[in-house]
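Welcome, and thanks for taking a look at this model with us.

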Amino acid sequence: MNVAVVFNEDFSGVFKLRSVPTKERYTRKVVEEIAEALRFNGHKVEVFDANLSLFENLLSFVKEHGSDSTAVFNLAYGIQGECRYSHIPGVLELLGIMYTGSGPLGHSLALDKVATKLIFQTWGIPTPEFWVVSKIEDLPSELYFPLIVKPRMEASSFGIHLVWNRAELEEAVYNVIENFHQDALIERFIEGREFNIGLIGNGEELKELPITEIDFGDTAFGIYTHEAKLKTSYRRLCPAPLEEETIDEIARLSKKAFRALKLRDYARFDIRMDKDGELYFLEVNSMAHLSRNASFFLAAQTTGYTYEEFINEILKVALRRYGVDA
């Protein structure tokens with residue numbers, strides 16, 4: 001298979017930046033490691049930047065190799081604007097090019113944390129109580145602390161705050177609105193343990209990876225911020241020390257949520273469990289990070305995957321979705 005690995009690097013390669021550009025992106029180093037993993041399995045691989053240059057490069061690549069033997073390994077988080085995860089998938093859907101990961105609908109629902117939580121509620125998947133505000137004046141008068149504040153449509157824990165009083169709440173909401181130019185999501189903080197679970201596949205072949213626990217140590221009110229992820233300041237335990245009944249329930253609810261959100265190929269869910277053992281689904285990342293250091297690969301590695309096998313498995317499940325055996 002001829003594979004175009006697509007990611008965002010040069011943010012100046014657009015006509016104009018009309019909104020705040022995302023901070024979320026893959027490094028060139030990780031992208032090249034993914035490309036090498038694909039080459040390890042014999043695929044012909046090119047790496048393209050997902051800006052204006054993509055269209056000419058991708059057109060030439062597909063014309064050279066044919067659309068039936070070409071696929072995109074999509075790592076493009078988008079550059080700016082609404083539903084940025086869906087931008088490249090939308091173009092690929094239009095052009096009829098095979099690609100990895102969720103489609104425009106799944107990515108749009110997953111990136112919007114409010115839409116995700118509403119779907120959780122509709123499908124009977126437990127999620128913390130929440131409020132959405134677009135200005136400080138919209139804050140409810142009666143709230144019980146501590147609370148979590150985060151941007152409505154960001155990932156990788158960007159802009160997340162744990163607040164303990166009204167003054168901290170107002171400051172956090174102001175920061176989200178000013179820095180991210182979007183609504184602030186306020187969520188009841190669930191004191192307890194935090195987990196994530198990765199899923200790979202589609203339909204009846206959808207399978208869960210071992211659950212990973214974020215070990216906050218002696219920190220009673222730990223949260224997994226973007227800074228903590230970069231510094232890996234908290235231990236990750238995989239497989240998480242949980243009762244089989246709890247493991248089965250997390251897997252069952254995750255698969256239910258995956259299908260309800262119209263996701264494809266792979267995703268990772270973040271979950272909290274309170275002191276009474278009650279589970280709460282926080283959010284989903286439909287473009288879970290695929291680096292060697294990410295929790296997603298840590299879980300895959302626990303089951304025996306090498307990095308090359310892990311990356312190529314994602315490509316395989318995507319191609320099977322198109323009826324192609326790779």
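Let's begin with one residue in this predicted model: Glu249 is partly exposed, at a relative accessible area of 29%. Its side chain meets that of Arg252 in a salt bridge, with 2.9 Å from N to O. Arg252 also counts as partly exposed, at 43% relative accessibility.

Arg166 and Glu170 are both in helix α6 (residues 166-180), 4 residues apart, or about one turn of the helix. They form a salt bridge whose closest N and O atoms are 3.7 Å apart. Arg166 is partly exposed at 31% relative accessible area, and Glu170 counts as partly exposed at 32%.

What about a pair that links distant parts of the chain? Arg152, in the loop between β6 (147-151) and β7 (161-163), and Asp112, in the loop between α4 (104-111) and α5 (113-122), are 40 residues apart. Their side chains meet in a salt bridge at 2.9 Å, N to O. Asp112 is buried, because its relative accessible area of 13% falls under the 20% cut-off.

| Salt bridge | N to O distance |
|---|---|
| Arg252 and Glu249 | 2.9 Å |
| Arg166 and Glu170 | 3.7 Å |
| Arg152 and Asp112 | 2.9 Å |

How many salt bridges does a search of the whole structure find? The search gives 28. Some charged residues are joined in a network of salt bridges, made up of Lys113, Lys117, Lys150, Glu187 and Glu283.

The largest nonpolar core has 39 residues, and Val5, Ile34, Phe73, Leu290 and Phe310 touch the most other members. At least two of its residues come from each of β1 (2-7), α1 (28-40), β2 (44-49), β3 (70-74), α9 (295-302) and α10 (307-321). Helix α10 gives the most, with 7 residues. Domain 1 (2-100) and domain 2 (109-126 + 192-306) each provide at least three residues of this core.

Setting aside neighbours within four places in sequence, Phe310 is in contact with Ile200, Leu290, Phe296, Phe297, Ala300 and Tyr305. Another core, of 28 residues, lies apart from the largest one, and Ile119, Ala240, Met273 and Phe281 are among its members. As background, nonpolar side chains tend to be buried together in soluble globular proteins.

Conventions. Residues numbered from 1 in each chain as written. Predicted model: local features only at pLDDT ≥ 70, side-chain atom pairs only at ≥ 80, totals over all residues. Heavy atoms only, no water. Core = buried A, V, L, I, M, F, W, Y, C linked by side-chain atoms within 4.5 Å. Buried < 20%, exposed > 50% of the residue type's maximum accessible area, 1.4 Å probe, protein only. Domains from an automatic or database assignment. Contact = heavy atoms within 4.5 Å. Salt bridge = Lys/Arg side-chain N within 4 Å of Asp/Glu carboxyl O.
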